[in-house]
Amino acid sequence: MALVKRIETAGRAMLDLLYPSFTGCVYCHAECETDINSGLCKNCLEKLEIKVYKFAVDSGSLKIQGYAPLVLDGMARDMVHALKYENKRYLAVPIARLMAWAFTESQETADIVTFVPLHVRRKRERGYNQSRLLAENVASILGLECYDLLSRIRYTKSQIEMDLEQRKENMKDAFECKDGATVKCKKILLLDDVCTSGSTSAECARMLLQAKAATVVGLYGTFAGK
């Protein structure tokens, strides 16, 4: 019950900050009763297949455990797209609530939270990092600190049309850990909005483990069902 209360309180506070006119459903804006865990109305919830999806994030040379509450399809895909490309930052709140729920249900533990970084060029184009918004919300709900631990040191091409091997090569040596002291011996929860091939988060995890992280677990808003 304490976690549910934290989810409700933190989520509503962030909605008030990011979207002051919010009433009712955070997605369709219907003025009706909403689920306290997600902020979504019954009609929207029925369009989502919410459960704890557990999967391996495997780059070939490195494997970490991944979790997500949603598959990248239908309304879930639309929500992530709107968060990422349409400046609908308030959607970080319901997605983060579901992510925090999935992580809690997984019975995994973590010491700190971090996120997949954007290259400075892409962040300048978009204006914000959607993965950071998710990470800060999830950390608040879980009662953990969120740290900016990684830098994207090489601009990478869009991976939409790439196959698995091309994605791995595209991400190779694209990141570095910039805070080894914070990372050392910590169990780290690594967040991103989407997991498709896993090449991006696997490369981030490799950098964290090289910096002597104890473990890295991936948590995603959605994943491409495998």
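Two strands count as paired here if DSSP finds at least two bridges between them, and the strands themselves are DSSP runs of E with at least two residues, numbered from the N terminus, while helices are runs of H or I with at least four. With that in hand, hello everyone.

A word on the source: this is a predicted model, where local features need pLDDT of at least 70 and side-chain atom pairs count only at pLDDT 80 or more, while totals for chains, interfaces and linings use all residues. Residues are numbered from 1 along each chain as its sequence is written, and side-chain values use heavy atoms, with hydrogens and water left out.

Let's start with the sheet. It is open and has six strands, in the order β1-β2-β8-β7-β3-β4, with mixed pairing. At the edges sit β1 (53–58) and β4 (145–146), each pairing on one side only. Further in, β7 (residues 187–195) and β8 (residues 215–223) run parallel, joined over eight bridges.

Keep tyrosine 220 on screen, please. The whole structure gives three aromatic pairs. Phenylalanine 55 and tyrosine 220 make a tilted one, 5.9 Å centre to centre with 35 degrees between the planes. Because phenylalanine 55 is in β1 and tyrosine 220 in β8, this pair ties together parts 165 residues apart in sequence. Tyrosine 220 is buried, at a relative accessible area of 0%, and phenylalanine 55 is buried at 7%; buried means under 20%, exposed over 50%, and partly exposed in between (1.4 Å probe, protein chains only). Phenylalanine 55 also meets phenylalanine 223: the centres are 4.2 Å apart and the planes at 5 degrees, so this pair is stacked.

Last stop, helix α9. Nine of its twelve residues are buried, among them Cys204 and Met207. Just after α9, lysine 212 takes a positive phi of about 80 degrees. Thanks, all!

Key
Rings of Phe, Tyr and Trp (its six-membered ring) pair if their centres lie within 6.5 Å; planes under 30 degrees apart count as stacked, over 60 as edge-to-face and the rest as tilted.
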